[in-house]
Amino acid sequence: MLESIQLNLLIGSTVSLKMNRFKPSDSLALWRGHAKLWPLEMTVQEVRLCGLLLQEHFGEVVEKVGTELLRSGALNLRALAHQSGIQLDLVKKSLCVLAQHGMCVFGPGRRGPGGPVEYTVHSERILYMLRYPRYIYTAKSLYGDTGELVIEEILQRGQMTMSSTVKTVADRLTHSMEDGQSMEYSEVITAFTRLVETHFLQRCPPMDSAGAAGRTSSAVSQSPAPAAAPPAQPESFTDCYKIPQIHLTGRGKRRRSSEDGDADGRGAKKAKMDSAAVSGDEGIYWQVNFERFHLHFRHQAIISAVASKLDQTSSEIVRTMLRLSEVTTPANAAYTQALSANEIFRALPASYNIGRPILDQYLTLLVDDPMEFVSKTGDSGGGMYVVNLHRALANLARATLESVVQERFGSRSARIFRLLLRKRHLEQKQVEDFAMIPAKEAKDMLYTLLSENLVQLQEIPKTPDYAPSRTFYLYTVNQLPTARLLLQNCYKAVGNLIERRLFETKENKRHLEKSQRIEAILASLQASGADAAQLTEVEEMITPPERQQLEALRHHINKLDSSENQVDETIFLLESYISSTSSSR
């Protein structure tokens with residue numbers, strides 16, 4: 001997990017340097033418009049989870065400001081300070097933190113360009129914080145420790161220049177190396193460039209153009225509640241993935257010891273700012289491209305599903321198709337770009353030892369599979385093939401729903417649920433016959449699923465009076481509303497896990513602080529070359545019962561963290577399916 005970022009550190013180190021970058025624009029996505037898509041009781045779970053994430057990462061002040069904006073929608077500065085009960089200065093700093101991390105936008109309010117600026121919060125960007133460990137782990141698996149630290153630093157600070165990121169990462173890597181070794185800036189620049197080339201990092205959109213667009217659009221609309229326009233996307237300008245020429249040579253520097261760190265801290269900070277002034281990338285800030293990470297997660301889920309449904313060779317063929325089109329395929333596309341069998345064959349790694357006839361057989365197998373992960377669109381070039389992303393996400397979401405029903409209500413209820421998904425509409429007698437379940441048990445299971453909103457009941461009357469004796473009662477499953485229901489339950493589950501983790505940490509705060517103090521003393525003694533007797537004496541300051549309690553606490557915290565990550569995988573899958581279904585309509 002990333003460490004919680006304190007409000008005063010953010011204001012002092014990063015946010016205050018870039019306050020002048022944020023200018024009012026009309027590109028607002030009002031939370032009220034988003035709330036219309038969800039029932040009120042479900043939105044409460046989302047707001048609760050957003051508040052917990054804000055509190056964990058930024059502290060209570062930012063959490064109060066963010067939660068008030070989520071509940072009230074767009075507010076101007078004074079209204080926000082009045083409703084939240086927080087001092088105006090702290091509200092300004094909190095908004096600056098949220099804007100720095102792309103979670104808050106602002107622009108002309110209901111009174112038009114002459115009125116006060118109003119602020120609104122993007123709940124989806126706040127929920128991305130739940131996925132921060134997964135982003136960092138993905139960068140580590142693809143680009144090693146250097147890529148991991150680059151992503152971690154930018155996630156912690158929201159936006160950073162390339163030169164500042166390179167220096168910070170090089171210093172951290174040098175500190176973890178043995179004495180006499182250091183990390184060259186050129187190696188970090190190489191990792192940063194690879195992340196940009198594969199679109200995992202992107203430039204922040206220029207605020208001048210966004211502000212101009214906002215002033216133009218707000219001049220035309222003078223309505224009391226202006227319609228929300230989509231925010232400026234980084235891909236909308238040509239230099240989104242252009243690497244600047246920076247003048248940066250040297251190696252990372254090892255951290256000073258705590259004794260002389262305070263003495264010359266100001267001088268070190270001044271020297272760092274002076275060196276950054278001549279790097280050549282002033283004003284060019286970079287941010288994490290979350291959509292690119294989500295594209296990678298989606299592809300990995302599809303590849304795993306193909307491997308479990310068919311075999312490893314089929315999954316490698318699908319992996320090659322996705323790799324060839326991952327940068328050129330839009331995030332909300334229903335299909336990847338069409339690829340010929342010749343292109344797929346040439347792109348397959350030689351280690352797979354897949355001949356052309358075998359590739360054609362596998363492609364035919366993938367096309368004929370009922371899951372419909374791959375579709376054939378033409379015959380040129382040995383056949384044109386695409387990966388059906390929307391169908392793949394629908395099948396993955398369907399498997400998730402079936403798994404949830406089976407775990408909660410048993411295999412027989414899951415059999416009824418799968419039957420309704422396949423047959424669409426069935427009467428109770430038909431459900432009993434097709435599922436081969438006794439009438440009494442089938443009736444109880446159907447009513448249980450109906451009470452949990454996993455199954456819907458549709459009435460089709462023969463006559464206008466809706467008489468029960470002349471009405472058909474058909475059971476059905478609407479996959480999209482059911483997925484939305486399960487998504488809100490996942491939000492609630494993650495919120496409960498976070499609250500439990502915070503409670504466990506608070507209850508054992510004294511033991512944790514004592515353990516941290518002793519670990520710091522041990523590290524200091526080891527650095528000064530103390531003998532084993534001194535180290536053992538310090539270690540014995542923790543009694544065996546306390547050590548046992550700390551081990552149990554760490555075990556519980558690890559289980560809670562692991563559970564959060566597992567539920568987040570389900571959240572990502574359901575969000576991807578809902579987004580894909582909405583964009584395809």
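Visitor: Which residue of strand 3 is the bridge partner of Gly107?

Guide: The bridge partner of Gly107 in strand 3 is Glu118. This is a predicted model, in which local features need pLDDT of at least 70 and side-chain atom pairs count only at pLDDT 80 or more, while totals for chains, interfaces and linings use all residues. Residues are numbered from 1 along each chain as its sequence is written, and side-chain values use heavy atoms, with hydrogens and water left out.

Visitor: Why are strand 2 and strand 3 said to pair?

Guide: Two strands pair if DSSP finds at least two bridges between them; strand 2 and strand 3 (residues 112–121) have six bridges, so they count as a pair, and the sense is antiparallel. Strands here are DSSP runs of E with at least two residues and helices are runs of H or I with at least four, both numbered from the N terminus.

Visitor: What makes strand 1 and strand 2 edge strands?

Guide: The sheet is open, with three strands in the order 1-3-2 and antiparallel pairing. Strand 1 (75–76) and strand 2 (104–109) each pair on one side only, and they are the edge strands.

Visitor: Which helix lies across strand 1 and strand 3?

Guide: That is helix 4 (residues 60–72), which runs at about 110° to strand 3, where axes are lines fitted to C-alpha atoms (for helices, over the stretch in contact) and angles run from 0 to 180 degrees between N-to-C directions.

Visitor: Why is Cys96 in no disulfide?

Guide: A disulfide is a pair of cysteine sulfur atoms within 2.5 Å, and by this rule the count comes to zero.

Visitor: Why is Cys96 called buried?

Guide: Buried means under 20% relative accessible area, exposed means over 50%, and partly exposed lies in between, with a 1.4 Å probe and protein chains only. Cys96 has 8% relative accessibility and therefore counts as buried, as does Cys50 at 0%.

Visitor: Why does Thr320 count as buried?

Guide: Its relative accessible area is 2%, so Thr320 is buried. Thr320 lies in helix 15 (residues 312–325) and, leaving aside its neighbours within four places in sequence, is in contact (heavy atoms within 4.5 Å) with Ile344, Ala347, Leu348 and Pro349.

Visitor: Why is Glu372 called partly exposed, and why is Met436 called exposed?

Guide: Glu372 has 37% relative accessibility and so counts as partly exposed, whereas Met436, at 69%, counts as exposed. Glu372 has its place in the loop between helix 17 (356–368) and strand 8 (374–378), and Met436 lies in the loop between helix 20 (428–435) and helix 21 (439–451). Although not a glycine, Glu372 has a positive phi of about 60°; Met436, not a glycine either, has a positive phi of about 55°.

Visitor: Where in the protein chain is confidence lowest, and where is it highest?

Guide: On the pLDDT scale, the predictor's confidence in each residue from 0 to 100, the chain averages 80, and 83% of the residues score at least 70. Confidence is lowest in helix 2 (residues 31–35), at a mean of 35, and highest in helix 8 (residues 132–157), at 93. Over residues 1–42 the pLDDT is below 50, yet this stretch has 115 contacts in the model beyond near neighbours in sequence. Residues 209–231 also have a pLDDT below 50, with 27 contacts in the model beyond near neighbours in sequence.
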